[in-house]
Amino acid sequence: MRRAAAAAALCATLTVFAAAPAAACLPAAMDAALPGSHTLDATGASAAWYEDPTAILGHGIMGEVADAATLAAILYPDTVPCAVRRLAAGPGHVFEDIAPRLHDLDGDHRPEVIAVRSSLTEGAQLAIYAARGDGLALIAATPPIGRRHRWLAPAAIADLDGDGAVEIAYVDRPHLARVLRIWRFADGALTELARFDGVTNHRIGEPVIRGGLLDCGTGPEIVLASADWTRTLALRFDGRAIAPRDIGPWRDGAALRCGG
């Protein structure tokens with residue numbers, strides 16, 4: 001009740017819905033958010049975060065980052081300004097993630113929420129949630145890895161090959177298998193397109209996922225570390241295969257940027 005009343009009071013001051021980005025709603029809406037778990041979309045109009053820390057999985061792969069039982073989001077446009085949508089991970093599951101991601105996957109001008117959802121028995125999967133009714137609903141997911149305490153680390157969300165559909169890339173078991181996997185989201189479903197071995201983007205116990213997406217004018221590339229953390233690789237997907245480009249020694253914390 002306290003969260004709802006505070007959010008309503010804040011939203012009452014917003015006379016024009018189109019001018020009410022999620023950033024204006026967050027101080028009231030996010031009092032239950034896990035520290036550091038909130039994300040804004042590129043426009044600042046939508047936000048997502050995790051709530052309700054839980055230790056039932058007992059994996060601790062991200063160090064001080066707690067697993068979560070609940071996903072929350074403000075998704076613009078919406079019929080009610082500042083409306084917070086929530087969904088539980090579900091029985092036997094947690095959100096084993098640093099922060100959810102926001103991206104308009106289907107072109108309807110409202111972002112979907114992309115999260116890492118882990119089963120207590122079958123490991124992690126990439127899950128996609130969308131606004132449905134007054135809440136969130138799971139609309140697509142990759143198969144779980146298949147074994148308890150097996151995790152994946154998201155790497156990029158973009159139209160990687162320029163065909164108009166959005167691809168989602170993650171590193172499957174960045175501490176063990178170290179495989180980049182690329183999936184296309186189209187017509188409400190995820191289809192795997194390609195794999196590439198020998199890369200990683202996370203160390204056990206670190207509260208951050210390394211690397212990310214880089215576009216220096218010739219198309220998007222996924223920046224990852226080599227499996228032994230010695231080299232920085234930029235990987236390009238052409239719709240059929242993944243091609244790596246060595247761009248120098250790996251340096252923790254180095255900014256992704258074009259040029260020297």
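The model is predicted, so local features need pLDDT of at least 70 and side-chain atom pairs count only at pLDDT 80 or more, while totals for chains, interfaces and linings use all residues. Residues are numbered from 1 along each chain as its sequence is written, and side-chain values use heavy atoms, with hydrogens and water left out.

**Nonpolar cores**

- The largest nonpolar core has 22 residues; such a core is a set of buried Ala, Val, Leu, Ile, Met, Phe, Trp, Tyr and Cys residues joined through side-chain atoms within 4.5 Å.
- Buried means under 20% relative accessible area, with exposed over 50% and partly exposed in between (1.4 Å probe, protein chains only).
- At least two residues of this core come from each of β7 (112–119), β8 (123–132), β10 (152–158), β11 (166–172) and β12 (179–186); strands are DSSP runs (E, at least two residues), numbered from the N terminus.
- Another core, of 17 residues, lies apart from it and includes A169, L235, F237 and I242.

**Residue D172**

- D172 is in strand β11.
- D172 counts as buried because its relative accessibility is 3%.
- Not counting residues up to four places away in sequence, D172 touches I145, W151, L152, A177, R178, V179 and R181 (contact means heavy atoms within 4.5 Å).

**Strand β3 and its partners**

- In strand β3 (residues 67–74), 7 of the 8 residues are buried.
- Strand β2 (residues 47–54) runs antiparallel to β3, joined by 7 bridges; two strands pair if DSSP finds at least two bridges between them.
- A72 in β3 stands opposite W49.
- Strand β4 (residues 85–88) is also antiparallel to β3, with 4 bridges, and A88 in β4 is the bridge partner of T70.
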